[in-house]
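Subject: Structure handover

Hi,

Here is the structure I promised to pass on to you. Please have a look at it first, and then read my notes below.

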Amino acid sequence: MAQILIVEDEARIASFITKGLAAAGFASLAVGTAREGLEHATSGEFDLMVLDLGLPDADGFSVLTDLRASGSVMPVIILTARSSAQDTVAGLEGGADDYMAKPFGFDELLARIRLRLRSEPAGPSTVLAHGRLTLDLRTRRAGNGTKEVDLSAREFALAETFLRNPDQVLSREQLLSRVWGYDFDPGSNVVDVYVRYLRQKLGAEHFVTVRGMGYRLAAPDEV
């Protein structure tokens, strides 16, 4: 499942895009500042970024400039109220792959996202592996070393997040943001519930509880 990063200050628009992408089968995360956008864009977790230029803490062009300076070739679609030819040229010359002016139709945005994702060269592998655990991102198959396991879409996304961050303790808030794309009630136990599902299906030994902090994917030598 392609991961889309949305950097958009207007919550209404960010929610509109997020819901549309979810309906189209994409996972997404929406953030509202340049700082958050650049942090997530350089994490290596996302396949494409939809970037607004009118951000509260910095111009979106600065995110694009810093992203390209880091060596990232992730596709970027600029989404902005600015529609002058000068801004369009500046965006494309600055490293953007596409440019859409507000207001926009979601179907057109979705078509452009799909086009940019298809135009990206395939990576060396579509399989994530950590010890005995495997996730095939193309076929959506999971394995625990002894058998293939059926995972729901949300379980797969959670497992993928763990396998992409094998040496990190991930807080419940981080998992909510990355997998569900928005914040639940602080009292919600949805992360704990889904970690329990993964333990039941893939093996409890793979998912370590770090008391007071969150969860960590066990190192192969711990299992």
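The model is a predicted one. I'll begin with helix 6 (residues 153-164), which lies across strand 6, strand 7 and strand 8 (141-143). Helix 6 runs at about 120 degrees to strand 7.

Those strands belong to an open sheet of four, ordered 6-7-8-9 and paired in antiparallel fashion. Strand 6 (127-130) and strand 9 (148-149) are the edge strands, each pairing on one side only. Between strand 6 and strand 7 (residues 133-136), which run antiparallel, there are four bridges.

Strand 10 is joined to strand 12 (residues 214-217) by two bridges, and the two run antiparallel. Here Val-169 stands opposite Arg-216 in strand 12.

Now to a pair of helices. Helix 2 (residues 34-41) packs with helix 3 (residues 60-69) at an angle of about 25 degrees, and their axes are 10 Å apart. Since angles under 35 degrees count as roughly parallel, that makes helix 2 roughly parallel to helix 3. The crossing of helix 2 past helix 3 is right-handed. On the helix 2 side, Ala-34, Leu-38 and Ala-41 take part, and they meet Val-63, Asp-66 and Leu-67 in helix 3. By type, the residues of this contact divide into five nonpolar, no polar and one charged.

Finally, the aromatics: the structure holds four aromatic pairs. One of them is formed by Phe-16 and Phe-104, with 6.0 Å centre to centre and 55 degrees between the planes, a tilted arrangement. What does this pair tie together? Phe-16 lies in helix 1 (residues 11-23), while Phe-104 is in the loop between strand 5 (98-101) and helix 5 (106-119), so the pair links parts that are 88 residues apart in sequence.

Happy browsing, and do write back with any questions.

Best wishes

How values were computed: Residues numbered from 1 in each chain as written. Predicted model: local features only at pLDDT ≥ 70, side-chain atom pairs only at ≥ 80, totals over all residues. Heavy atoms only, no water. Axes fitted to C-alpha atoms, helices over the stretch in contact; angles between N-to-C directions. Parallel < 35°, antiparallel > 145°, perpendicular 65-115°, else oblique. Left-handed = near helix turned anticlockwise from the far one by under 90°. Contact = heavy atoms within 4.5 Å. Nonpolar A, V, L, I, M, F, W, Y, C, P; charged D, E, K, R; others polar. Pairing = 2+ DSSP bridges. Phe/Tyr/Trp six-rings, centres within 6.5 Å; stacked < 30°, edge-to-face > 60°.
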